[in-house]
Amino acid sequence: MADTFDIIVIGAGPGGYEAAIRAAQLGFKTACIDDWSRKDGKPAPGGTCTNVGCIPSKALLQSSENFEEAGHAFAEHGISVSGVTMDIAKMMARKAKVVAQNNDGILYLFKKNKITFFHGLASFAGKEGDGWKVVVSGTASAELVGKHVIVATGSKPRPLPGVAVDNVRVLDNDGALSIGTVPRKLGVVGAGVIGLEMGSVWRRLGAEVTMLEALPSLLPSVDTTIAKEAQKLFTKQGLVIHTGIKISDVKVGKSDVTVSYADAEGKAQSETYDHLIVSIGRIPFTGGLKGDAVGLGMDERGFIEVDDDCRTNLPNVWAIGDVVRGPMLAHKAEEEGVAVAERLAGHLPHVDFNTVPWVIYTSPEIAWVGQTEQQLKAAGVDFRAGQFPFTANGRARAMGDTRGLVKILADRKTDRILGVHMIGPMVSELIAEGVVAMEFGAASEDLARISHAHPTLSEAVKEAALAVDGRTLNL
Ligand SMILES: Cc1cc2nc3c(=O)[nH]c(=O)nc-3n(C[C@H](O)[C@H](O)[C@H](O)COP(=O)(O)OP(=O)(O)OC[C@H]3O[C@@H](n4cnc5c(N)ncnc54)[C@H](O)[C@@H]3O)c2cc1C
């Protein structure tokens, strides 16, 4: 006899596990199925984000930043340390521990919320009465029937045509997070968020890192002021960035990888690396789901087609997160998951992509929300811009990190904030103020009038808001 549930969630990434928790909180009998395993075969809920994405990358970014600070930044504070070394195996063991803590945290939350968790692969197996039949195979095997199904199967790395990832020489994000020794030379194809973060980790640890980017400029979707500042700062750090390149051949040797490409001027170039990271984006993942067997609608790029509320073409089947349109971000997946659960409980939730923040965890960090200056110009919106550099911020000076700036864009007539853009210390945290302001439809004057603690980095946000009206106080 099949187990019956109100809601079956397929995938326990940030989208799926938060959908399951919210569904259970709302009183639904909920199951969640996920096939990710740890090395010892135990379940590893948390998806890409927890296992090979957000969490392990931030663990390594923190370790490598600490190493770089100890070697280069401590002296300025009068702290002398000599013989700073990095134990890569220990750094990786710490990363694994952080990941496991998160896996365990999710298993605890499942128990706490009385969610039935199945460790295995879920496939659609048709209808049974009003419900959907879902078969679980793998570590657990079961037959379930759910009134509603939420598909949250996530994404996988986009392959570079003709180049096989072996995670020895040619690495995807999983391999890039697990290199055993610091490479002497590291190539990174794709200077997007993931490529820049991975490149940063290994550069800080001593690798000579070259980024190979097909697009004509670095970070084209980032506000141009911020992208230009980023290019300047990253280049100063020693990251070699080639934009406008076209790869013609990748040869994988026993101990190296040679990439042949045409540079921006069309001149043939060739470079050999110890490893090559391929980070050219991600594609939706629906393998094993057997969605075609039940007629689940997909678009030509492989995304499950959904409406604004994450409804698929099948009755009572919903899809959220990386497997559907929209930004491939953990918090976007989470918001969609919670929204679907609440919709099933009769609430009227809404996810606004325009106020979903973006963060790139380089050093300095980059963060933004809303529209960029180039988007506003293209749309013919009349706006005012204000910016404030961290060089004029007392806390940044005290910290010894004055790189970057905050920029605020506001409608010229109404003063409503249209975009907040930052590069600088801890801007991954500062951006929340911009998100709150935009969610509440704030004007730049609102931010300018709010008291910000002194001395804090957040004063740069207030000053940028003052700058919109041409009245900064500290510049
Ligand atoms: C290196 C890297 C760094 C990143 N850093 C960030 C960051 O800092 N911030 C951020 O917001 N985003 C970041 N991301 C993106 C983020 O990881 C994704 O947007 C997020 O994980 C998407 O969540 P999801 O729930 O849609 O899917 P996933 O996290 O991909 O989870 C899907 C889960 O479903 C399981 N699954 C798939 N099919 C089945 C099936 N048929 N049966 C059972 N289980 C199945 C998968 O095994 C997986 O566990 C990063 C990504 C990478 C690769």
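Ile79 is placed in the loop between H3 and helix H4 (88–112), where helices (H or I, at least four residues) and strands (E, at least two) are DSSP runs numbered from the N terminus. The structure is a predicted model, in which local features need pLDDT of at least 70 and side-chain atom pairs count only at pLDDT 80 or more, while totals for chains, interfaces and linings use all residues. Residues are numbered from 1 along each chain as its sequence is written, and side-chain values use heavy atoms, with hydrogens and water left out. With a relative accessibility of 41%, Ile79 counts as partly exposed; in this scheme buried means under 20% relative accessible area, exposed means over 50%, and partly exposed lies in between (1.4 Å probe, protein chains only). Together with Val81 and Val84, Ile79 makes a nonpolar surface patch of about 210 Å². Patches consist of residues with over 30% relative accessible area and no salt bridge, like charges being joined within 9 Å and nonpolar side chains (Val, Leu, Ile, Met, Phe, Trp, Tyr) within 5 Å. The accessible areas come from the Shrake-Rupley method with a 1.4 Å probe, and for residues only the protein chains shown count as cover.

The ligand is surrounded by 38 residues, of which the closest are Asp34, Asp35, Thr48, Lys58 and Ala122; a residue is near a molecule or strand if one of its heavy atoms lies within 4 Å of it. At least two residues of this shell are supplied by each of helix H1 (14–25), strand S2 (30–34), helix H2 (47–52), helix H3 (54–73), strand S4 (121–128) and helix H8 (330–344), and H2 gives the most, with 4 residues. Sorted by class, the shell contains 18 nonpolar, 15 polar and 5 charged residues, where Ala, Val, Leu, Ile, Met, Phe, Trp, Tyr, Cys and Pro count as nonpolar, Asp, Glu, Lys and Arg as charged, and the others, Gly among them, as polar.

A polar backbone atom of Met328 is 3.4 Å from an oxygen atom of the ligand. Taken alone, the ligand exposes 1,000 Å², and the protein buries 95% of that area.

Helix H8 also holds Glu336, which counts as buried at 2% relative accessibility. A polar atom of the Glu336 side chain lies 2.8 Å from the backbone nitrogen of Gly321, and a polar contact of 3.0 Å joins the side chains of Glu336 and Lys332. A polar contact is a pair of N or O atoms within 3.5 Å; within protein, one must be able to donate a hydrogen and the other to accept it, and residues adjacent in sequence count only if both atoms are side-chain atoms.

The count of salt bridges (a side-chain nitrogen of Lys or Arg within 4 Å of a carboxyl oxygen of Asp or Glu) comes to 25. In one of these, the side chains of Arg204 and Glu65 meet with an N to O distance of 4.0 Å. Arg204 lies in helix H6 (residues 193–204) and Glu65 in helix H3, so the pair ties together parts that are 139 residues apart in sequence. Arg204 is buried, with a relative accessible area of 4%, whereas Glu65 is partly exposed, at 27%. A salt bridge is also formed by Arg403 with Asp401, their closest N and O atoms being 2.9 Å apart; here Arg403 counts as partly exposed at 25% relative accessibility, and Asp401 is buried at 15%.

Several backbone features fall in loops. The peptide bond joining Ser363 and Pro364 is cis, with omega about 0°, and Pro364 is found in the loop between strand S18 (358–360) and strand S19 (365–370). A cis peptide bond also runs from His454 to Pro455, with omega near -10°, Pro455 being in the loop between helix H12 (444–449) and helix H13 (459–468). Although Asp415 is not a glycine, its phi is positive, at about 70°; Asp415 is placed in the loop between strand S21 (405–411) and strand S22 (417–424) and is buried, with a relative accessible area of 11%.
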